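Hi everyone, thanks for coming. Today I'd like to walk you through one structure, step by step. Have a look at it on the screen first.

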Amino acid sequence: MTDVGFVIAGWVITAVVLVGYWLSIVWRTHRAERTEQ
Amino acid sequence: MSDRLMAPVARRIVGVAALLALGALVAVGLFVAPPDAVQGDAQRLMYLHVPAAWLAYLAFGVTALGSALYLWPRTRSAVWDRVAGASAEIGVVFTGLTLLLGSLWGRPVWGVWWAWDARLVTTAVLFFLYLGYLALRRIPAALDVRAKRCAIAALIAFVDVPIVHFSVTWWRTLHQQATVFNPELDAKIQGTMALALWLGVLAFTLLYVYLLDHRYRLEVLDEDREERELEAAIADRVQGGTPSREAVGATS
Amino acid sequence: MNLFQEAALVAGKDLRIEARARVISQQILPFGLIVLLLFAFALDPDRGVLQRTAPGLFWVTVLLACLLGVSRSFTVEADNGARDGLRLSDLDGSSIFLGKAIALAVELLVFEALLTVGVVVLFDVHLASLLPLALGTVAATVGLAATGTLYGVLAAGIRARETLVPVLLLPVVAPVLLGATRAWEASIDGVPGDAWPWVALLAIFAVLFVGIGMLAFGPLLEES
């Protein structure tokens, strides 16, 4: 992999991790709100 | 507003600001800033790796502060416990990200995915210290019992944070010295590269605040759910029957 | 009764229980020797690898045995509501902590003495300078016992205790593993003088966690 490949991988993985974590909070919150009914 | 840390307006502003800063970071970090003289384009990973590491410090610092405020009788409040717990989870995510990005940066620059030097080892230990903390947060126990235990564990774990930071000065490491917060406080970065770095710190900090507020609410909802499950189990008992499977299972 | 008398009382209780149950001699020591055997299977015994890595293997085995010892120390309190008995007694939390930590340290030291024989015999280790080795071992053991007792009570009364304590305790005692291994390496074939900074680190760790344990044990026991 060229250097650029590592850079792209790093930035993409960061985006995936941050978005994924954000979504996990949203999903868990949604589930917690649902059981309130 | 007891399930939130910020007013809705503030939260919206922080969220939008975070997105804008992240966009600016991508633009400057990937396109505007020049490649490094020695490391080439690989150095661009620094604009994510360093902010991620700083955010881990911040998140665990908030956890330590919240834990201390919870343990101190005069400031004891469930709010601090929830803040500590929410911040720790975010900190673990950022620490894991730091390790991952460090590995991706190290491979082209050092030639290895991992090295057993003081900075990397102490950071890995930090990751596992707080992973254990997150496991402790899941135990089925009364909220105040759990909060006290978690607070003690968090304060002990926080001792590793300064060790991680100073590891590059105390030991000979493969990892480079601190670019900005080195002992001479002489920032070794200029121009658009410095801009990209500070944009990264800004963007991640705004993102942290935004995530913390949302994660805090999840803590509140989870606590409410645990209380309701406990009350349901007790009500079942009081009615004379054996507790239903769900009620019992929910507390184990 | 003062702090040390109360601690001696608790330590004596734990050690008497151990003497009667013989968990150390019949279960934990064989476990340690089996682990040494497993290391010999896993690593190449012919090329001096075992001899060179013996200090590390020794201390990893001690860490694993410490986990078992901590678990045992608090299982003893879980049976028959013994924890309630401790709480209702007039004993100070710090004394109970000291007593349990001392008992665990004694048990670990006995284990380590026997394990050392195992390492010397099985891995062909030559112990040169005994003073830094012994002092380092004692300091490391006190640190392990204190930290183990602290995290043992932190997890007391919780159903997932056996799996929770390792994940909490092991990262915290990583410095002990580091310091003890280096102290041993320096004492065995390096420059013995190199061992002393590590012994100092181990001593500081031990003092720190004895202090934290004495402060936190009482309040944690109250609610467990």
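This is a predicted model: local features need pLDDT of at least 70, side-chain atom pairs count only at pLDDT 80 or more; totals for chains, interfaces and linings use all residues.

Let's begin with chain C. What is it built from?

How about its dimensions? Along its principal axes, the C-alpha trace of chain C spans about 55 × 35 × 30 Å. A compact globule with 224 residues would have a radius of gyration near 17 Å, and the 18 Å of chain C agrees with that. Of those 224 residues, 45% count as buried. And if you take the contacts in chain C with a separation of 6 or more, 85% of them join residues 24 or more positions apart.

Now, where chain C meets chain B: the contact takes 13 residues from chain C and 14 residues from chain B. Which elements of chain C give two or more residues to that side? They are α7 (161-172) and α9 (195-222), and α7(C) gives the most, with five residues. By type, this side of chain C divides into 11 nonpolar, no polar and two charged residues.

Last, the core. The largest nonpolar core has 141 residues, and those touching the most other members are A59(B), A153(B), A154(B) and L202(C). Helix α2 (residues 46-71) of chain B provides the largest share of this core, 15 residues. Let's zoom in on A153(B): leaving out residues up to four places away in sequence, A153(B) touches Y133(B), L136(B), L154(C) and L168(C).

Terms used. Residues are numbered from 1 along each chain as its sequence is written. Chains are lettered from A and ligands numbered from 1 in the order in which they are written. A nonpolar core is a set of buried Ala, Val, Leu, Ile, Met, Phe, Trp, Tyr and Cys residues joined through C-beta atoms within 7 Å. A residue is buried if 20 or more other C-beta atoms lie within 10 Å of its own, exposed if 12 or fewer, and partly exposed in between; C-beta atoms are placed from the backbone. Helices (H or I, at least four residues) and strands (E, at least two) are DSSP runs, numbered from the N terminus. Two residues are in contact if their C-beta atoms, placed from the backbone, lie within 7 Å. Ala, Val, Leu, Ile, Met, Phe, Trp, Tyr, Cys and Pro count as nonpolar, Asp, Glu, Lys and Arg as charged, and the others, Gly among them, as polar. The radius of gyration is taken over C-alpha atoms; the globule rule is 2.2 Å times the number of residues to the power 0.38.
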